[in-house]
Each structure stands twice: as C-alpha cells, then as structure tokens.
Amino acid sequence: MEARNVIDSVERLEEAIARVRKAQKVFATYTQEQVDKIFFEAAVAANKMRIPLAKLAVEETGMGIVEDKIIKNHYASEYIYNAYKNTRTCGVIEEDKEYGTIRIAEPLGLIAAVIPTTNPTSTAIFKTLISLKTRNGIIISPHPRAKKSTIAAAKVVLDAAVKAGAPEGIIDWIDVPSLEMTNLIMKEADVILATGGPGMVKAAYSSGKPAIGVGAGNTPAIIDDTADVTLAVNSIIHSKTFDNGMICASEQSVIVLDKVYEQAKKEFKDRGCYFLDDEQTERVRKTILINGALNAKIVGQKPVTIAKLAGFDVPASTKILIGEVESVELSEEFAHEKLSPVLAMYRAKDINEAFDKAERLVADGGYGHTSSIYLDAVTQRAKLDEFASRMKTCRILVNTPSSQGGIGDLYNFKLRPSLTLGCGSWGGNSVSENVGVKHLINIKTVAQRRENMLWFRAPQKVYMKKGCLPVALDELKHVMGKKKAFIVTDSFLYNNGYTKPITDKLDEMGIQHTTFFDVAPDPTLACAKEGAAQMAA
C-alpha cells in the first residue's frame, strides 16, 4: 500500500479529494461479486476490532461506556453487513420484462462524512461500510475531540477493503480537522452524510451540495394506564443508561398517567434511579444548559459525575437522575435534549394531556425524530392510532426501548438498522427514514416503449343458435327487468327486415326500443360517437 500523506491543510485535502475521486472511478467499474467480497472483509475486520476501538473512543472523549460502545461497534459492522449482504447495488438491480423496465444502480461519487464525538467509531464504521457497498469514495471529517478513535476505525475498514481488492485510497480522512477543511470537503463532495449537532447539520444543508443529515432528538415516552409498568420502566432504563444516554433516539422525558404514576415512580426507584428533590432539581437545571445550549460536560457522563457538577452527591450505583417537573416549555431545562442519564418525568391526568405534552416536547426540539408509547397494543388500538397521528416523528415506537428500537433491527424487524436517523422535512432533513445503502446510489431507469392495452366490456350473456331469440328477449324483461333496449346494426340488415322480429317481440313485451343502423363495415370513431349520442338521447 502506498504511503499516505497526513491531511493537515487545505492543500493536502485538495490532493486527497483528487486521489479519492480517481480511486472511486476505478471502484465504479467493480462487479457485485467484487463489491460484496470487499464489504464482507471490511465488516469482519471492523467487528474484530470492536473492543480496542471502543476503549479508544472512551479514553479519548471521556464519554460513554466501553461495553456499550463495543455493542455499537458490533452493531455497525455485523448488523449492517447482515442487513445488506444480499442487496444488489451494482449494475442491473431490477428488471421487469413484461413492462419493459430495467433499473440500474450507479454510485454517487465522493461522500463527505461528518462524524460526531458521541459515536466516533461506530458511526465511522457504519458510513464507510455503506459507502463500500455502494462503490462510493468517502472522506471523513472527524470531531476534533474524537479524531484519534474515528481515524483508527476508518483505517481498519480501509486496510481490510484494500486487502480484499478495493482501490487504494478509496477511504480517507482529515487528520487535523478544522472548520475550514470541513467546509471545503462538504463543498467539493458529491453528497454529504452529516451526523452531529444542529449547527453542523445546518452547515451541510447550506453547502450547496446534496446532503443527508439528521435532526436533533427529544424523545418523549408515554406510559399509559394500560401498560405493563414493569416492562415500561425497565425498558426506559435499559435505553436511557445505554452508553450513558448518548444515542439521539434515547428518551429525554417520560410522561406517566396519573393512575400508574406512583407505581412507575416506585419501579424507577427500586431499579436504582434517583429522584431529585426541589433543590437538587434546580441545581441540575442550571447544569443541563449553559448560555442556552446543552452543557457539553454532562454529555455521556455517569449520573454521579453529573450530580457532582451540580454540587451534590448521589450513590455511585445510581442509574438515572430523574427530575419531576411540570412545564414542557423551552424555559424548562429538563424539557430539552440532554444526551445523558438525566430524565424529566411528567404526570398526566389522562391520555389526551399526555399526548399534548408529548407533542410540545417534540416541537421543542425533536421534530421528525422519535417518540415512544407504552400501552396494551391489542385493546388500545384507538389510542395508538391517535398517538401515531399526532406525533410528528418518523419513528413511533411501541413498548420498545427507544435507543435500541430507534436505530432499527433491535426489538423490531422492519426498521432498517442505521446510525444515521433521518427526520424528514419536520427536522429539516432530506430523508424521513433510517439511512441505508439505497440513499447512496443513483438509479437509472431504462423504459422500453409500451402502449396501454385496449379492452371492451362484453355482455354477461351471449345467446346463439337457432331459436334462442325469443328466450333471450323474454329474459330481457322477466329476468333482467329491462324497460328500454338499444339495437345496433347496419343499414343492410335493417333495410332488409332482419331486425323486425326483434322489434316486434319488444313491442309485444312493452319494452321501448331504438335502432341505430348506420354502422359502417369498418366503423370509425365518428360512427361510434353518433351511436353513443343516439343512445343517450
């Protein structure tokens, strides 16, 4: 493998862009079999390194939990591979011979991938793997606080891909990230895969290039009075504590109906969650936001650490800090996205109040992302339908831990696994689903000439053979109950009396009739229109 130049300046980045474009042009000629081999080997290599990469990410960023980051790396490699291993992404991917259409997949070209500090290794693995599967080149812009671990993950995938036959330099990265270089790669790329804060995503969409970005999450979870409260509370804990709450789909607020509020509160307490008193709640409020923005010092931290930042102590075993609050307005700090094991808990007198609170929390900062509800899905279908109707979120999860359920393929089967969750127009995004390989290919459709078929409606019954006429006409009145008849024939048959037996029988039965006898041997459209006009007269 050729020696790689460190990308620490705009000039070096421009050189890298040219190299990756050159490699991608070669990669675009690869067959599906070649691509699938590269995809497999790269995924296996990333999965083998899931433990050291997780340790490196926690060591470098000081955020999250090693064991959970191992799971995320495993998910980003093995789960993503299994989801797309049989998906065709090269050449003809679909053909319909009857309708004469062929769909052909082509790569997008050069992808600029912005990687967040919250998921530095798993997101890098995910984006590089789906880029390889779709024959795209990719340049990664890591977060400055996570560049070491992000680059390490990208290098693992690159080395395995090249060893399996991919062009050298098909994956590259910025070694010394800066705003200037991030803006340059977004400007020069063919498409941007942006995962990060609202500012970064907005910059991606403002770059002038197609962008696939994700919006902020502020997931509310409702616990209905028909829910399995034990399941609901433990699912929320399972989700909210995963990697110290850094997955953007994790619950930020729980809204509990009055009837089961105390039961849910007791379950939270019994499972190691800490309920803040009034003074502590106020202290945590001042810790969540700094100058109106999320305090980076609490992101991905343990509850005990966050409590110390707020000026008090909690048991080291504490799983979540819970503040019982009332307001869902932006003036309430607990109503914001917190990306940490800090949870707002609301009481609702009925399901309609719960829906109102959830709607407002989504509007406060989670439009398009994820919402969650716990209820009896069999007997309470009407409630579920109303919740689905009212929530402006692209993922609506039922009886499911939202961190794991939102990313897909965990606790559900048809939600595509992804670490980039689209939020649609509500969240200012270009896609409203979990991002996958289909978003990284162009589709060419070859459509051969076809013409709409012609058809005519035949009568329900056709009578034939000598002697059938009186029977047929008798059924017209006594079986079908018809009062009018329209006879279509040509002038020869009419002028020579062949229609007279019919009209005589119709007269006998009291059925009104009209005869159209100007049908030409080769009828024209004008002839048909004339007959239709006479029929309607």
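Which residue takes a positive phi in the hairpin of β1 and β2?

1. G100 does, with phi near 70°, and the hairpin has 4 residues between the strands. Strands here are DSSP runs of E of at least two residues, and helices are runs of H or I of at least four, numbered from the N terminus.

2. This is a predicted model, in which local features need pLDDT of at least 70, side-chain atom pairs count only at pLDDT 80 or more, and totals for chains, interfaces and linings use all residues. Residues are numbered from 1 along each chain as its sequence is written, and side-chain values use heavy atoms, with hydrogens and water left out.

3. β1 (91-96) and β2 (101-107) run antiparallel, joined by 5 bridges; two strands pair if DSSP finds at least two bridges between them. V92 stands opposite I104 in β2. β2 is also joined to β17 (441-447) by 7 bridges, again antiparallel, and there I104 stands opposite K444.

4. A parallel open sheet of 7 strands has the order β10-β13-β14-β9-β8-β15-β16. Its edge strands, β10 (274-275) and β16 (393-398), each pair on one side only. Within the sheet, 3 bridges join β8 (219-223) to β15 (368-374), and I222 stands opposite I373.

5. G165, which follows α6, has a positive phi near 120°.
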